Amino acid sequence: MGVVNVTPDSFFDGGRYFDPARAIAHGVALAGAGADIVDIGGESTRPGAAPVAAAEELRRVLPVVEGLAAKVKAPLSIDTSKPEVMAAAVAAGAVMINDVRALQSPGALAAAAGCGVPVVLMHMQGEPATMQHAPRYGDVVAEVTAFLKARRDAAITAGVDPGNIYVDPGFGFGKTPAHNLALLANIKTIATVAPVVAGLSNKSIIRHILGAVDAAALTAASAQLAAAAAANGAAIIRVHDVTATRRALAVQRAISGVHTIAA
């Protein structure tokens with residue numbers, strides 16, 4: 001899953017693809033590099049981020065969804081928590097909903113069920129503005145798994161097809177580095193709820209492990225984390241650099257004895 005942030009303030013590439021034409025070109029490049037899904041978001045959820053009004057989010061994402069739907073064969077995902085954005089983006093060509101709030105916003109469950117597309121339910125402790133202010137858990141794996149199970153069940157009750165549900169432990173969303181590592185090591189436990197989406201690309205855990213690093217080292221470490229997540233049972237890997245990730249996954253699959261295409 002390649003990431004297109006149509007925002008001025010996302011943690012890694014905020015502002016780089018804020019212009020719709022540049023965002024569309026980036027999405028085309030991600031698909032060309034081998035992204036199986038292109039995920040489009042118009043509201044930053046980095047630590048400390050302020051919320052964005054629905055009208056502004058729609059203004060940002062709809063031209064990009066429409067433009068990419070006409071240009072790429074890869075399925076498009078809309079990264080949003082707002083029911084009106086979900087519905088409009090699916091009508092414009094998105095075929096997946098990726099919600100960091102796990103359909104907890106008013107009307108989101110009904111909107112997702114009405115769209116009839118796959119959904120990703122993510123765990124987040126708190127809100128983006130405050131989520132990294134001393135996050136605490138008794139047992140992070142058990143608590144995140146229980147939350148995701150509850151949200152999966154709520155989605156099914158609302159009418160979402162059980163086969164259309166994915167879960168995301170929310171690496172970096174109200175988690176310390178130790179919490180993130182525990183979740184990474186226990187993806188198979190979380191996958192008992194539903195197939196897991198793992199987003200570790202360029203997260204602060206890399207600097208926690210390595211210290212100050214440049215962009216090339218961030219990319220390399222992100223690819224290593226992606227390979228680890230896949231080896232531990234993740235079904236979808238959400239990334240910024242598709243090429244580096246696909247290479248790392250090819251090596252990981254070769255090591256595990258799974259045939260993959262040659263680079």
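View A. R152 is buried, with a relative accessible area of 17% (buried is under 20%, exposed over 50% and partly exposed in between, for a 1.4 Å probe and protein chains only). The structure is a predicted model, in which local features need pLDDT of at least 70 and side-chain atom pairs count only at pLDDT 80 or more, while totals for chains, interfaces and linings use all residues. Residues are numbered from 1 along each chain as its sequence is written, and side-chain values use heavy atoms, with hydrogens and water left out. The side chain of R152 meets that of D153 in a salt bridge, at 2.9 Å from N to O. The term denotes a side-chain nitrogen of Lys or Arg within 4 Å of a carboxyl oxygen of Asp or Glu. In contrast to the buried R152, D153 counts as partly exposed, at 30% relative accessibility. By this rule the count of salt bridges comes to eight.

**View B. A salt bridge between distant parts of the chain.** D39 and R238 bring their side chains together in a salt bridge, 2.8 Å from N to O. The two residues are 199 residues apart: D39 belongs to strand β2 (residues 38-41), and R238 to the loop between β8 (236-237) and α10 (242-256). Helices (H or I, at least four residues) and strands (E, at least two) are DSSP runs, numbered from the N terminus. D39 counts as buried because its relative accessibility is 1%. R238 is buried as well, because its relative accessible area is 18%.

View C. R60 and E56 are four residues apart in helix α2, so about one helical turn separates them. R60 is buried, at a relative accessible area of 10%, whereas E56 is partly exposed, at 24%.

**View D. Helix α3 and its cover.** Helix α3 spans residues 83-92, and P83, V85, M86, A89, V90 and A92 are its buried residues. Which elements cover them? The cover includes helix α2 (54-69), strand β3 (76-79), strand β4 (96-99) and helix α4 (108-115). Just after α3 comes G93, whose phi is positive, at about 135 degrees.

**View E. I97 and the nonpolar cores.** I97 is among the residues with the most contacts inside the largest nonpolar core, together with V38, I40, L68 and A229. This core has 63 residues, and helix α5 (residues 140-158) gives the most to it, with six residues. A nonpolar core is a set of buried Ala, Val, Leu, Ile, Met, Phe, Trp, Tyr and Cys residues joined through side-chain atoms within 4.5 Å. A second, separate core has six residues, among them I37, M96, V197 and I236. Leaving aside its neighbours within four places in sequence, I97 is in contact (heavy atoms within 4.5 Å) with several residues, including M86, V90, A112, C115 and V120. S77, I78 and T80 are also among its partners.

**View F. Two loop residues with positive phi.** L103 has a positive phi of about 60 degrees although it is not a glycine. Where is L103 found? L103 is found in the loop between β4 and α4. Is L103 buried or exposed? L103 counts as buried, because its relative accessibility is 2%. N202, also a residue other than glycine, has a positive phi near 60 degrees. Its place is in the loop between β7 (197-198) and α8 (205-210). At 5% relative accessibility, N202 counts as buried.

View G. The chain contains 10 helices and eight strands. Along its principal axes, the C-alpha trace spans about 40 × 40 × 35 Å. Of the 263 residues in the chain, 51% are buried. Among contacts with a separation of 6 or more, 66% are between residues 24 or more positions apart.
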